[in-house]
Structure formats: C-alpha cells, structure tokens
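Reader: Could you take me through the charged and nonpolar features of this model, with the cut-offs stated as you go?

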Amino acid sequence: MAAPIAHFDEDWPTLGAVNMVSDERLQLAQKGRSAAAAGEAPPQLLLDDDDLPELHDGGFSMGDSGGFRSMEDLVNDFDEKLSVCFRNFDVETDSIAPVSEITEDALLEKDEIWNALTSNYGHVMPVDWKQSRTCSLHLPNLEEKPREADVVAELSDDEELREQLDMHSIIVSCLAEEPLFTAEQVIEEIEEMMQDSPDMEAAHNPSQSDLSMLSLDVQRSSCNPDYEERVRSLSVAELNERLEETETNIRRFSEELVQQLALRDELDFEKEVKNSFISALIDVQNRQKEHRESLKKKKKLKGGAGTSQSLAEKTLGSRFSMEGLSSVIQNSFRQTFGSGCSERQYLTTVIPYEKKGHPPSIEDLQILTKILQAMRDDSDKVPSLLTDYILKVLCPT
Amino acid sequence: MNTEIDITYEYYNNDNNNYLICELENQAELEEETRLINQVLELQHTVEDLSARVDAIKEENLKLKSENQILGQYIENLMLVSSVVQTTDSKSKRK
C-alpha cells in the first residue's frame with residue numbers, strides 16, 4: 001500500500017503566503033534589531049539581513065530584546081507554524097488519504113486455495129449410502145431369506161466343510177495313541193515345573209536334568225489315579241516295555257541317590273572340621289586371656305611382696321647390708337626363673353596366616369586345628385607342627 | 001453208523017481238546033499279564049520312593065552347603081580379628 005499523500009488544497013497556504021509570513025517576521029526581526037541597534041550596540045555575531053533567508057523563517061530568529069529568543073517563544077512559534085500547516089484538525093482524512101480495513105472475509109475472498117476448496121460447499125450433496133452400489137450388493141446377502149432351492153446341495157457342502165474344519169476331531173485322532181490329560185493335571189505339572197525351576201537351573205548335568213524331569217513324571221503318575229487303569233489296559237508287549245523303562249529309571253535314581261549321599265557325607269565332614277576349628281580357636285583365645293590375667297595378678301603380688309621386703313630391710317638395717325643385698329638377689333631370681341615351670345610357653349604362640357580372600361580349605365583347617373589343640377594342651381609338638389605348616393602351606397616350595 | 005458216530009465223537013473230542021488248549025493258553029497269558037502288571041506297579045512304587053528319597057537328600061545337601069558357606073565366612077572374619085592368628089599383610093605393614 002502506498003503511503004497517504006497529502007493533497008494540497010486551496011486552503012493550504014501557498015509558498016507565496018509562506019514567504020509573506022516569513023517577510024513579516026523578517027520585518028519584525030529587523031525592527032527588533034533596529035531598536036536594539038538604537039539602544040545598544042548589538043554584537044556582530046548576530047545574523048544580518050544578508051545572511052541565509054531561509055533561516056529567518058523559523059529557526060534562529062531574533063527576539064525583541066535583540067538576543068536569542070526564549071524557549072517559550074520558540075514553542076509558541078512552532079505551535080503557530082503547526083497550526084498554519086494543519087489548520088483544521090477536524091478534516092476528514094478519507095478524502096486525503098483513504099485507509100482500507102483489512103478483514104478476514106476480504107482476505108478469504110481473494111485467496112484462490114480457499115475458493116477452490118469451498119466453492120462447492122452447499123452445492124454438492126454427501127454420498128447416499130442407501131443408493132450406492134455397495135449397499136445394493138450387501139443387502140441381499142444380509143437378509144435372511146428362506147432358500148428353498150438348493151438346500152440339500154448346500155447342506156452336503158456345509159457338512160463337508162464342517163468335517164474339514166473340525167479341529168477337535170483332527171487333534172483327537174492324532175492323540176489316539178497318547179494318554180489324555182485333564183486341564184487340572186496340566187496345571188499341576190506346570191506348577192511343579194515352576195517350583196522345581198531353581199533346581200533345574202542348578203542342575204548343569206544333563207543326567208541330573210533328565211532325572212529331575214523324570215522325578216516330575218513320577219510324581220505326576222503317582223498323583224494320577226488312572227495310572228493303574230492305564231497299566232492294566234496295556235498289552236503284554238507294552239507291559240514289557242514299561243517294565244524295562246521302570247527298571248532303567250530305578251537304576252538311574254539309585255545312582256543319583258548314591259552320589260547325593262556321598263555329597264552329604266562330604267558336606268557333613270566339612271561342617272565338622274569348621275566347627276572343630278572354631279571351637280579350638282576360641283578355646284585358645286580364652287586360655288590366653290586367662291593366662292595374661294594370671295600373670296598380671298602374679299606380678300602384682302610379687303611386686304607387693306618385694307616392696308614390703310625392701311621396706312622391712314630398710315627398717316632392719318642399712319640399704320647396702322649383706323642381708324638386704326642377698327634378699328634382693330633372691331627375689332630377682334624368683335621373678336625371672338621362679339614361675340618358669342608353671343608358665344605355658346606354647347600358649348602365646350602366634351600362627352601366621354596369609355590372607356587369600358576366601359576361607360581356608362579343609363586341609364588347611366585340619367592342620368590349623370591340630371596346632372591350636374597342641375597350643376591349648378601346651379604340647380611339645382607345637383614347634384614341629386608349626387614348622388610343617390609354614391613349609392607346606394604358607395611357603396610351599 | 002457206528003463209524004460215523006465214532007468219527008463225530010472223535011471230531012467232537014478234538015474240538016474239545018482244542019478248546020481246552022486254547023483255554024489253557026489264554027489262562028497262561030492272563031497270568032503272565034497279571035504278573036507283569038503287578039511287577040510294573042510294584043516297580044513304579046519303588047521308583048516313586050527312590051525319587052522322593054533323592055529329592056529329600058538334595059534338599060538336605062543344599063542346606064548343608066549354605067551352612068558351610070556361612071561357617072567359612074565366619075572363620076575368615078575370626079582369623080582377621082583373632083590375636084592367635086596373624087595375617088601376613090598386617091605383618092608387612094608393621095615392618
């Protein structure tokens with residue numbers, strides 16, 4: 001849209017009128033100047049008449065005083081000019097610069113895409129289903145009309161179809177030789193399998209997994225009351241086969257039982273060794289504690305007896321008398337060698353142990369238990385056992 | 001006439017014998033079958049007992065394994081703390 005152009009009418013002041021106004025102002029300015037010149041000597045910096053005439057119009061005009069005009073005068077001057085320019089504020093601007101409003105309807109009217117989409121609105125009717133060809137084809141088939149003709153032929157066809165699609169008969173015919181299980185039996189079997197699933201995961205051996213499945217079958221058959229009836233219904237050959245299978249199962253279960261019993265014995269032995277080690281270690285610790293406490297008590301008693309003897313010696317005689325010296329020497333001998341016979345020399349033995357990050361093996365525990373028991377009994381075998389342990393276990397060559 | 005009667009009697013006797021033989025054979029088969037059935041059922045009971053025993057032993061072994069594991073952990077901690085046993089790591093630190 002082009003910018004509104006201001007049309008100059010006759011009411012607008014012409015350039016000549018503007019010049020006339022400017023001349024009037026110039027004359028006023030000149031009068032002001034002359035008055036100022038008459039009164040005072042105006043400064044030469046002020047503009048003269050020969051200067052640029054356009055500046056006289058409204059910029060830098062002189063006041064009556066002969067100097068610069070005040071702000072108020074400037075504002076009033078500007079106001080006068082504006083009123084001269086615009087004069088009538090109530091003039092209708094449509095004739096000067098018409099403004100057209102932009103509405104949605106106007107835009108849509110010009111939009112080609114919108115017209116293409118909506119040009120047929122209200123002119124084209126929606127699809128009538130009832131009169132469509134598809135409906136005419138569907139309806140006759142949906143209506144239940146008695147068909148008197150070709151009934152027999154259709155029935156035979158239907159029977160053939162039914163026989164072909166009879167899945168039950170197909171499945172049952174395949175299962176004629178296999179035993180049929182009820183839904184409850186199947187659910188029980190699944191529950192047993194779910195319960196035994198951790199055992200089955202642990203059984204990496206295929207024989208063990210087979211045995212676990214076999215045990216499930218055995219449990220299932222034991223729960224099934226029809227098992228006996230089924231067995232009675234079998235023929236001689238089938239009975240012989242079943243007999244052989246049962247005998248092989250018995251052999252497998254027997255082997256498994258023997259293995260599990262051996263494993264149980266090993267685990268029992270391991271538990272026993274560990275328990276005996278723990279009891280020996282705690283026993284030795286307790287005895288060491290008791291021994292330390294008894295030593296402390298003895299030291300206290302001997303220390304007290306020694307001091308009392310020394311006091312007595314001082315009271316009896318001088319410090320350096322022969323009797324005093326002999327008693328001191330005797331006491332010192334007793335303290336160092338006196339309790340050597342009753343002292344447990346092997347109880348305070350320390351057993352070295354290498355930290356491996358896992359518990360010691362059964363053999364190591366057995367050796368350590370022997371050492372601990374010898375320490376507890378204060379046996380002379382402690383050094384030899386300890387040496388063997390260090391050479392064979394701690395630092396094997 | 002008598003020969004005919006004899007023949008018929010003999011024929012009748014043969015049929016009877018055949019019938020008896022068949023009967024005996026059937027009886028033997030039935031006995032055999034019964035014996036087999038009883039044997040199968042008995043062995044099946046044995047299998048069930050063995051299976052139950054194996055399951056019980058397996059469960060017991062699992063318990064023992066877990067107990068031994070706990071005891072092993074206890075022993076390891078006891079040896080680290082006890083004054084009777086000295087670990088070589090701490091000895092090297094002291095040096």
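Author: Helices (H or I, at least four residues) and strands (E, at least two) are taken as DSSP runs and numbered from the N terminus. This is a predicted model, in which local features need pLDDT of at least 70 and side-chain atom pairs count only at pLDDT 80 or more, while totals for chains, interfaces and linings use all residues. Residues are numbered from 1 along each chain as its sequence is written, chains are lettered from A and ligands numbered from 1 in the order in which they are written, and side-chain values use heavy atoms, with hydrogens and water left out.

Reader: Which residue forms a salt bridge with Glu228(A)?

Author: A salt bridge here is a side-chain nitrogen of Lys or Arg within 4 Å of a carboxyl oxygen of Asp or Glu. With the closest N and O atoms 2.9 Å apart, the partner of Glu228(A) is Arg232(A).

Reader: Is Arg232(A) buried or exposed, or does it fall in between?

Author: Buried means under 20% relative accessible area, exposed over 50%, and partly exposed in between (1.4 Å probe, protein chains only). Glu228(A) has a relative accessible area of 37% and is partly exposed. For Arg232(A) the relative accessible area is 42%, and the residue is therefore partly exposed.

Reader: How many residues apart in sequence are the parts that Arg376(A) and Asp283(A) tie together?

Author: Arg376(A) forms a salt bridge with Asp283(A), the closest N and O atoms being 3.4 Å apart. Because Arg376(A) belongs to helix α16 (residues 362-377) of chain A and Asp283(A) to helix α14 of chain A, the pair ties together parts whose separation in sequence is 93 residues.

Reader: Which residues are linked with Arg376(A) in a network of salt bridges?

Author: Arg376(A) also forms a salt bridge with Asp377(A), where the closest N and O atoms are 3.6 Å apart. Arg376(A) is partly exposed at 22% relative accessibility, and Asp283(A) is partly exposed at 23%. The residues linked with Arg376(A) in the network are Asp283(A), Arg287(A) and Asp377(A).

Reader: Where does Glu247(A), a member of the negative surface patch, lie?

Author: Patches are made of residues with over 30% relative accessible area and no salt bridge, with like charges joined within 9 Å and nonpolar side chains (Val, Leu, Ile, Met, Phe, Trp, Tyr) within 5 Å. The negative patch is formed by Glu238(A), Glu241(A), Glu244(A), Glu245(A) and Glu247(A), and Glu247(A) has a relative accessible area of 33%. The place of Glu247(A) is helix α14 (residues 236-316) of chain A.

Reader: What is the relative accessible area of Lys289(A), which belongs to the patch of positive charge?

Author: Lys289(A) gathers on the surface with Arg292(A), Lys296(A), Lys297(A) and Lys300(A) in that positive patch. Lys289(A) lies in helix α14 of chain A. Lys289(A) is partly exposed, and its relative accessible area is 47%.

Reader: What area does the nonpolar surface patch with Met71(A) have?

Author: Met71(A) lies in helix α3 (residues 71-86) of chain A, and its relative accessible area of 61% makes it exposed. Together with Leu74(A) and Val75(A), Met71(A) makes a nonpolar patch of about 290 Å².

Reader: What pattern does chain B follow along the sequence?

Author: Chain B has 95 residues, of which 27% are buried. Chain B contains two helices and one strand. Read along the sequence, the pattern is α-β-α.

Terms used:
Accessible areas come from the Shrake-Rupley method with a 1.4 Å probe; for residues, only the protein chains shown count as cover. Lys and Arg count as positive and Asp and Glu as negative; His and the chain ends are not counted. The place of a charge is taken as NZ of Lys, CZ of Arg, CG of Asp or CD of Glu.
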